[in-house]
Amino acid sequence: MPHRTFIWFILPTALAMILFIGLPIVSSFFQSLHIENEQVLMEVENCDPFGCTTNVRVDVEATEKIEAENPLGRFNGFGTYTDRNHLAFDEIREAWDNKTSIGEFKDIVLNLPFYKALLFTLTFCFAVTPPVIVLGFIVALSVNTLAKNLKGLIVFGTILPMIVTPLIGSLVLFWMIDSQGIIGASIQILFDDPNLSLKASSNLTWITLIIYGIWHNTPFAFVVFYAALQTVPQDPLEAAYIDGATRFERVRFIVIPHLYPVATFIMLICLMDNFRVFEPIIGFSAEGVAQSLSWMIYQDLRNENKMLFGSAGATSMLTILGIAFLLTPVLIRTWKEFKTER
Amino acid sequence: MKKLIIALLISFASTSVFAGSHSPCGVTSGSINILANEFTTYRIFMDEVKSCAGPEADFNVTHSVDHNKLQVAALSANPAEFSAKLVTNGSITPLMNDGLIRPLDDLVAKYGSNLNDNQKITIDGKIYAVAFMANAQHLWYRESILNDLGIAVPSTYEEVIAAAEKIKAAGVMENPYAGAFKSGWNLGQEFVNMYLGHGGEFFKSGSAQPNVNNEKGVAALNMIKKLTELSNPDFLTQDTNAVKEEWESGNVALMHIWNSGAASLLDDEGDQNIKADTRLAPSPTVGGGSKPATTLWWDGIAIATNTSDENAEASFRALVGAASSTDLANNNPNATVWLIKGYTPGDTAGPVVDAASRGTTPYPSFPHMSLMHGALSTELVEFLQGNESAEKALADVEAAYIAKATEQGFL
């Protein structure tokens, strides 16, 4: 394709990407370098049904004046990135200097909000993605062998978990795993422990979230694998059949190599999706024991009475970096495959 | 204080004189759009607001338990998303910090002749809100269960724990205690109660520097831990509404929740045997303190700055009509403790009056208190799960608070 044609071809997409992806990222980055202006406090007398007291309040006029002069707030450089609620350099240095054992150092670091969230996010990513790929593949293989008139119905049923909105799906499961819900009560009977509660311990909550993640993501892998299965060439399969290869051998030596690039693609998308895990944490009321990076951004923007834009911006930037870091090996691999195929 | 409360509750059945002032109800112009918390008493109040606004009014109300998280963003917009907000002494400060609610002196002069003076929330000499009810968390108990085991009504948290342990040991209930320990605002509030009950101060005097990592903070946390050990193991996921459900299912014999819970706990729905057995008691003291370990709250109405004067007047008229309706108060005497003129307190007002008369601290209204509450909301969970010490949890609270307060410009 001549360069000129290519540029005209890609221009609308590129413009849209700059406008809707590039600029917001730049703006978030800019915001993350700033913190709020200083609040001017003044003493006032407050009277309410319980009596009058002297109290402090924000001097709105004076603060607004500062705000008008400095609408972006005070420049803080990378101060927000390195503060305790993000990368926490000072705290980590202090913990390293004062450590008595590596275990203690690890505990201190993983107790910091950002690293705590990162640990859950990564655990979720790496615990969910492989089972999703394996399960999706198995389901696709099974559905592919079904009789034609059954296929439509089964495919629809199989992709249901993906169609259900994550928040609703997790809420439904949350009620089901309640100690009085069908799953929760069954598990109590199964393990003969009337106090067993999936919501109470952090390990069980993590496992619940991971199982939910697998349940929710498998249909995606299934759909892609199923579509790819339709492109597997029939000739080698038939040849292998005539040569006496078992079903397992045909899958192992013909189908899997053919679907390999597709598996890489699914892994890429799954890692990206799972790195921004958020809805199940809200749906399962698991904020107490499982926080993710996306949940931290939500917390800054929603759970505080006043939005912490700088902090949310900083976490967003770190999330983007995290995804880039995570995807680099996969991308390098894809690039190499692409080159060798040429 | 005591006198004030007596005056507040034994208010006079006054003859409503609208001397030279306008009747608030029957709004015909302007639109009314209110943001409010979600619980039964507010629903009752809103029904009255709607009927006061009249059939011709353009009336809308949004009830949400997330009202605190929505309010600043919603009222910052110009024009604001809502013309009015139901506020409390907790949620009014973030709005005041940004100048998002307007002074009401003119409107009160015009339409508020039937208000008690103590309903007018004045800050720096200007009225910013009109209170209509007082609320506090306090103890609730199942009379027959305590009687059967010969337990006296607990008046301290130490006695609450002894009572709950006895109920558990007798095999009556597995988890006899309940409180709103849901991680987030509710858990933060439990600490606020317990810390104030121990006589703690959240900030070093005259500054925004945190002051919770001390003996009182540790004692408060240890007490909360003991209570959670006698609660449903899912306590970190239970907010007030979930606790009420536990109560109505008969799983709990002692709980510490809002007085306004009476509106739904003592209504005609649900198990009437449990309802008949439900008793209210004053909030317990803790650690030998004299003040109950709870906070006093008022709930009131506030009007957005960024709304047109026409909408502001329409909203104020409908809301103040309800906030001065003696009928509303006396038709629902047990829904809450109304501050409305002519209200005769119902059977359930006792614990709130008791809390006020014993010098209970109102919820702190420092501009930076919400940041402290936010830090408490997230940093105490690991301690309650037994993963870290109380001192470490409180040090985390202070560190998280300092990072946020620095970003917000308070430090």
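These exercises, with worked solutions, concern a predicted model with chains A and B.

Residues are numbered from 1 along each chain as its sequence is written, and chains are lettered from A in the order in which they are written. Local features need pLDDT of at least 70 and side-chain atom pairs count only at pLDDT 80 or more, while totals for chains, interfaces and linings use all residues.

**Exercise 1. The build of chain A**

Task: State how many helices and strands chain A has, and set its radius of gyration against that of a compact globule.

Solution:
- Step 1. Helices are DSSP runs of H or I with at least four residues, and strands are runs of E with at least two, both numbered from the N terminus. Chain A has 15 helices and 4 strands.
- Step 2. The radius of gyration is taken over C-alpha atoms, and the globule rule is 2.2 Å times the number of residues to the power 0.38. For 342 residues a compact globule would come near 20 Å, but chain A has 26 Å.
- Step 3. The C-alpha trace of chain A spans about 90 × 70 × 50 Å along its principal axes.

**Exercise 2. Domains of chain A**

Task: List the domains of chain A and describe how domain 1 meets domain 3.

Solution:
- Step 1. The bounds come from an automatic or database domain assignment. For chain A this gives domain 1 (31-72), domain 2 (78-104) and domain 3 (114-341).
- Step 2. The C-alpha centres of domains 1 and 3 of chain A lie 46 Å apart.
- Step 3. Two residues are in contact if their C-beta atoms, placed from the backbone, lie within 7 Å. In chain A, 4 residues of domain 1 are in contact with 5 residues of domain 3.
- Step 4. On the domain 1 side, α1 (3-32) and β1 (34-35) of chain A each give two or more residues.

**Exercise 3. Where chain A meets chain B**

Task: Find how many residues each chain brings to the contact, and which element of chain A gives the largest share of its side.

Solution:
- Step 1. Chain A brings 44 residues and chain B brings 48.
- Step 2. Elements of chain A that supply at least two residues each include β2 (41-48), β3 (51-58) and α15 (309-341). The largest share, 6 residues, comes from β2(A).
- Step 3. β2(A) pairs with strand β4 (residues 120-123) of chain B in the antiparallel sense over 2 bridges; two strands pair if DSSP finds at least two bridges between them. A:C47 has B:T122 in β4(B) as its bridge partner.
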